[in-house]
Amino acid sequence: LFRSPPCTHPQQLAAMSSAALMRVFGRPSSSNTQKVLWALKELPNAPTWELTLASARLGHGSQRLCDDTGGEPFGVVDTEEYGRLNPMRLVPCVLDGTTAVWESHSIVRYLAQKYGPELHLDSIEGMARCSSWMDWVLWSNFHDCNHHLVDQVARTDPERRDVARIAHAHEGYVERLQKAEERLVQT
């Protein structure tokens with residue numbers, strides 16, 4: 001998904017608002033950042049963009065990850081410059097010219113509206129239909145299933161994985177996606 005080498009130096013933040021390319025602040029292991037990266041990949045007229053590694057932590061269990069791997073959070077979000085872009089100081093955040101957009105679903109809506117209106121059926125009604133599903137994902141708490149599944153499968157050594165937790169996360173996915181499947185059958 002990277003289009004060019006990521007910028008990771010916090011001092012470069014000040015010059016970023018004048019940059020011609022879009023900057024995405026986040027970490028690839030963040031499910032919220034992944035939504036934005038996926039949307040950028042799907043856009044037929046995607047702008048040129050660059051990922052700046054940013055986070056206050058490495059994700060769930062980040063202290064364990066730091067202890068196990070010697071990894072450190074990327075930082076950036078604790079700088080004054082970033083706080084002006086995103087007052088919540090979380091990831092993801094997109095800087096498109098002088099426009100800063102934060103919160104993954106807001107970013108995806110912004111990207112679709114500006115760079116790929118066909119992704120929301122080329123109409124405000126289509127955007128409303130798509131937005132309802134995006135907001136349902138928040139309400140239905142997909143994050144719990146996704147978080148535990150990613151944590152156990154991608155971040156935990158195989159011999160330390162909790163198979164019951166993985167199965168429970170899978171069941172959560174099936175339960176939630178069944179609702180989407182029922183709706184798709186009707187369309």
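Glutamate 103 sits in the loop between strand S4 (99-102) and helix H5 (104-115). This is a predicted model, and in it glutamate 103 has a positive phi of about 80° despite not being a glycine.

Aspartate 122 is another non-glycine residue with a positive phi, here near 60°. Look for aspartate 122 in the loop between H5 and helix H6 (124-139). Aspartate 122 is exposed, because its relative accessible area of 58% is over the 50% cut-off.

| Residue | Backbone feature |
|---|---|
| Glutamate 103 | positive phi, about 80° |
| Aspartate 122 | positive phi, near 60° |
| Valine 91 and proline 92 | cis peptide bond, omega about 5° |

As for that cis bond, it joins valine 91 to proline 92, and proline 92 belongs to the loop between helix H4 (80-85) and strand S3 (93-96).

Now for the inside. The largest nonpolar core is made of 18 residues, and Met22, Val24, Val36, Leu40, Trp49 and Leu111 have the most contacts within it. At least two residues of this core come from each of strand S1 (22-26), helix H2 (31-42), strand S2 (49-53) and H5. H5 gives the largest share, with five residues. A separate core of nine residues lies apart from that one, and its members include Ala54, Leu85, Val91 and Leu95. Val91 has already come up, as the partner of proline 92 in the cis peptide bond.

Notes
Residues numbered from 1 in each chain as written. Predicted model: local features only at pLDDT ≥ 70, side-chain atom pairs only at ≥ 80, totals over all residues. Heavy atoms only, no water. Helix = DSSP H or I, 4+ residues; strand = E, 2+ residues; numbered from the N terminus. Buried < 20%, exposed > 50% of the residue type's maximum accessible area, 1.4 Å probe, protein only. Core = buried A, V, L, I, M, F, W, Y, C linked by side-chain atoms within 4.5 Å.
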